[in-house]
Amino acid sequence: MTGLIGLAICMTLAGVAVWFLSTSARRAHRMLAVLGNATQVAHPEYRMRLQPPDGVFSLTLPLSFERQSSGDSNGRQDVVENALGDLTVVPSFPSTDMTGYLREFAGGKGVDPVVREAAEREVRGLGKAVRATALVELTRPLAEPELVEEMKPYGFGPQDMDKYFFMSPAVPAVAKPVFWSALGGCAERGLGDCDEHSATKQFQQWVGSLADDDRHNLRRLGLDLKVLRDAAADGHVYGFVANWMTREDLLGLLRKPDVRNIYVVEAVPQSDRVPH
């Protein structure tokens, strides 16, 4: 009898261990998908690479990052949640030159000849041997296929996963538009079987995975669940970040009827840059 009781206890403990490990794996995957992507959405100024969370009760999600405006500013931040799924460590990122431009973001507000002329003067003042990072505003919201077709000569071919799209107008509460980065593809972003080549569909899939219970953690990261859901339902692009651009590339973009404005975030000698 004692042996049977011992066996039953061992089987129960084994079952609990299997359940616990399975639950921990699901928690880690969901943390990556929800909070990892949310951190990137909240900080368009940076390119982030997500890594699998580590831990048992408390989970730590490492993020490697670099500024959108430069490829030589690597760093790391951690997102930490406790056993209850509440954020206990919220990463902090310093403002960059792009932060000020995001406050002025006017994607979707139509043509403004004065703004476009000022942008053209700034672009023409760039040297020929520089590469620039630019924040591009669109005159009207565009569906991604239309945007890809129009911008194809400038790095938005259908196989291009390095898409950095603004999915809404400026959100007054945070002074930034809603952002989505397709960098790293579906697997890295914890999205499973998503569309590798459509940043918009990835964003919509991510928002669709968010639950009302995520509202508190999202708010701590500076995001509003209703704003995200509205942007996903809209499904249009209001602007984008373009890297590794020449002066002629930027002038070509300004000639596009759907480009409202271009902010040159950074321009450095070509020898100092690595394509992104």
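**A note on the salt bridges and confidence of this model**

1. A salt bridge here is a side-chain nitrogen of Lys or Arg within 4 Å of a carboxyl oxygen of Asp or Glu. Helices (H or I, at least four residues) and strands (E, at least two) are DSSP runs, numbered from the N terminus.

2. Before going further, a word on the ground rules. This is a predicted model, in which local features need pLDDT of at least 70 and side-chain atom pairs count only at pLDDT 80 or more, while totals for chains, interfaces and linings use all residues. Residues are numbered from 1 along each chain as its sequence is written, and side-chain values use heavy atoms, with hydrogens and water left out.

3. Buried means under 20% relative accessible area, exposed over 50%, and partly exposed in between (1.4 Å probe, protein chains only).

4. The whole structure holds 18 salt bridges. One of them pairs Glu120 with Arg124, with 3.0 Å between the closest N and O atoms. These two residues are 4 apart in helix H3 (residues 113-124), which means that about one helical turn separates them. Glu120 is partly exposed, with a relative accessible area of 32%, and Arg124 is partly exposed as well, at 47%.

5. Glu144 forms a salt bridge with Lys163, and here the closest N and O atoms are 2.8 Å apart. This pair links distant parts of the chain, with Glu144 in helix H4 (residues 144-151) and Lys163 in the loop between H4 and strand S7 (164-171), 19 residues apart. Both Glu144 and Lys163 are buried. Elsewhere, salt bridges that share partners join Asp112, Glu137 and Arg260 into one network.

6. Glu81 lies in strand S4 (residues 75-81) and is buried, with a relative accessible area of 7%. The side chains of Glu81 and Arg27 are joined by a polar contact of 3.2 Å; such a contact is a pair of N or O atoms within 3.5 Å, where within protein one must be able to donate a hydrogen and the other to accept it, and residues adjacent in sequence count only if both atoms are side-chain atoms. Leaving aside residues up to four places away in sequence, Glu81 touches several others, among them Met31, Phe57 and Asp86. Contact means heavy atoms within 4.5 Å.

7. Stepping back, the protein chain has 9 helices and 10 strands. Of its 276 residues, 49% count as buried. Among contacts with a separation of 6 or more, 66% are between residues 24 or more positions apart.

8. Finally, confidence. The mean pLDDT of the protein chain is 86, and 85% of its residues reach 70 or more; pLDDT is the predictor's confidence in each residue, from 0 to 100. Confidence is highest in helix H8 (residues 225-234), at 98, and lowest in H1, at a mean of 68. Over residues 14-22 the pLDDT is below 50, and beyond near neighbours in sequence this stretch has 2 contacts in the model. Where pLDDT is low, the predicted coordinates should not be read in detail.
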